[in-house]
Amino acid sequence: MTDKPILYRKRLIPNECIRLDQDEILLHKEQLLVTRWNTIRPKKDLDHGISCFLLDKGWKISQFINREDQLICWYCDIIDWSYNLDTDTYVFTDLLADVLIYPSGQIRVVDLDEIADAMEQGLLDQTQLCLCMRRLDALLREIYSQKLLPSLESYWLL
């Protein structure tokens with residue numbers, strides 16, 4: 001394992017796999033990877049952010065930040081991942097369910113309809129569906145206990 005592995009983001013809907021070669025790796029140790037990035041595709045509000053990949057939990061927790069360096073929200077992806085030791089490459093697969101946490105404290109669970117679409121289209125199998133639901137449940141428990149964001153606080157400052 002090197003300090004600077006190759007990273008890919010794989011999405012099921014839309015079907016794409018993008019090399020994250022512009023992402024800056026801030027920290028890489030065991031079950032944690034922290035990256036800083038600019039948006040791949042320009043968006044109205046979102047400009048850049050920081051992501052914490054919690055590999056043992058199957059979560060990617062990102063701070064979404066606007067052009068004025070103000071926090072938009074924390075965006076939590078449920079992910080699966082694979083690692084190739086020979087090429088030092090991670091592929092992070094978005095399992096579609098997402099949770100948004102706003103600075104106000106509001107919490108939104110989104111894209112559950114995409115899980116149904118992916119199952120109908122054969123893009124997601126039963127094993128991935130179960131993995132997604134279990135990881136989503138664990139993430140929501142962590143959010144509702146108010147332990148998630150404080151546990152990541154030091155990584156936002158890297």
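This is a predicted model: local features need pLDDT of at least 70, side-chain atom pairs count only at pLDDT 80 or more; totals for chains, interfaces and linings use all residues.
Figure 1. Residues are numbered from 1 along each chain as its sequence is written, and side-chain values use heavy atoms, with hydrogens and water left out.

**Figure 2. The largest nonpolar core.** A nonpolar core is a set of buried Ala, Val, Leu, Ile, Met, Phe, Trp, Tyr and Cys residues joined through side-chain atoms within 4.5 Å. Buried means under 20% relative accessible area, exposed means over 50%, and partly exposed lies in between (1.4 Å probe, protein chains only). The largest core has 29 residues, and the members that touch the most others are Ile61, Ile78, Val99, Ile101, Leu139, Leu148 and Leu152. Two or more residues come from each of the strands S4 (32–38), S5 (46–54), S6 (59–66), S7 (71–84) and S8 (89–101), and from each of the helices H1 (112–120), H2 (126–144) and H3 (148–152). Helices (H or I, at least four residues) and strands (E, at least two) are DSSP runs, numbered from the N terminus. A separate second core has 10 residues, among them Leu7, Ile18, Phe53 and Phe92. In soluble globular proteins, nonpolar side chains tend to be buried together.

Figure 3. Lys60 is in strand S6 and counts as buried because its relative accessibility is 16%. Beyond its neighbours within four places in sequence, Lys60 is in contact with Ser51, Cys52, Phe53, Tyr75, Cys76, Asp77 and Ile79. Asp77 belongs to strand S7, and its relative accessible area of 8% makes it buried. With neighbours within four places again left aside, the contacts of Asp77 are Gly58, Trp59, Lys60, Asp94, Ala97 and Asp98.

**Figure 4. Aromatic pairs.** Rings of Phe, Tyr and Trp (its six-membered ring) pair if their centres lie within 6.5 Å; planes under 30 degrees apart count as stacked, over 60 as edge-to-face and the rest as tilted. The count comes to 6 aromatic pairs. Phe64 and Tyr75 are stacked because their ring centres are 4.8 Å apart and their planes meet at 5°. Phe64 in strand S6 and Tyr75 in strand S7 are 11 residues apart, so this pair links distant parts of the chain. Phe64 is buried at 17% relative accessibility, and Tyr75 is buried with a relative accessible area of 17%. Tyr90 and Phe92 form another stacked pair, 5.5 Å from centre to centre with 5° between the planes; both residues are buried. Ring pairs also join Phe53, Trp81, Tyr83, Tyr90 and Phe92 into a cluster.

Figure 5. Cys132, Arg135, Leu136, Leu139, Leu140 and Ile143 are its buried residues. They cover an arc of only 140° around the axis, so they lie on the same side of H2; the arc is that of the directions from the helix axis to the C-beta atoms. Their cover includes S6, S7, S8, strand S9 (107–110), H1 and H3. Gln126, Thr127, Arg134 and Arg141, on the other side, are exposed. At the start of H2, a side-chain oxygen of Asp125 comes within 3.1 Å of the backbone nitrogen of Thr127.

Figure 6. Most residues other than glycine have a negative phi, and most peptide bonds are trans. Ile13 and Pro14 are joined by a cis peptide bond, with omega about -10°. Pro14 lies in the loop between strand S1 (6–11) and strand S2 (16–19). Asp69 is not a glycine, yet its phi is positive, about 60°. Asp69 sits in the loop between S6 and S7 and is exposed at 58% relative accessibility. Gln146 also has a positive phi, near 65°. Gln146 follows H2, in the loop between H2 and H3, and is exposed with a relative accessible area of 66%.

Definitions and conventions
Contact means heavy atoms within 4.5 Å. A polar contact is a pair of N or O atoms within 3.5 Å; within protein, one must be able to donate a hydrogen and the other to accept it, and residues adjacent in sequence count only if both atoms are side-chain atoms.
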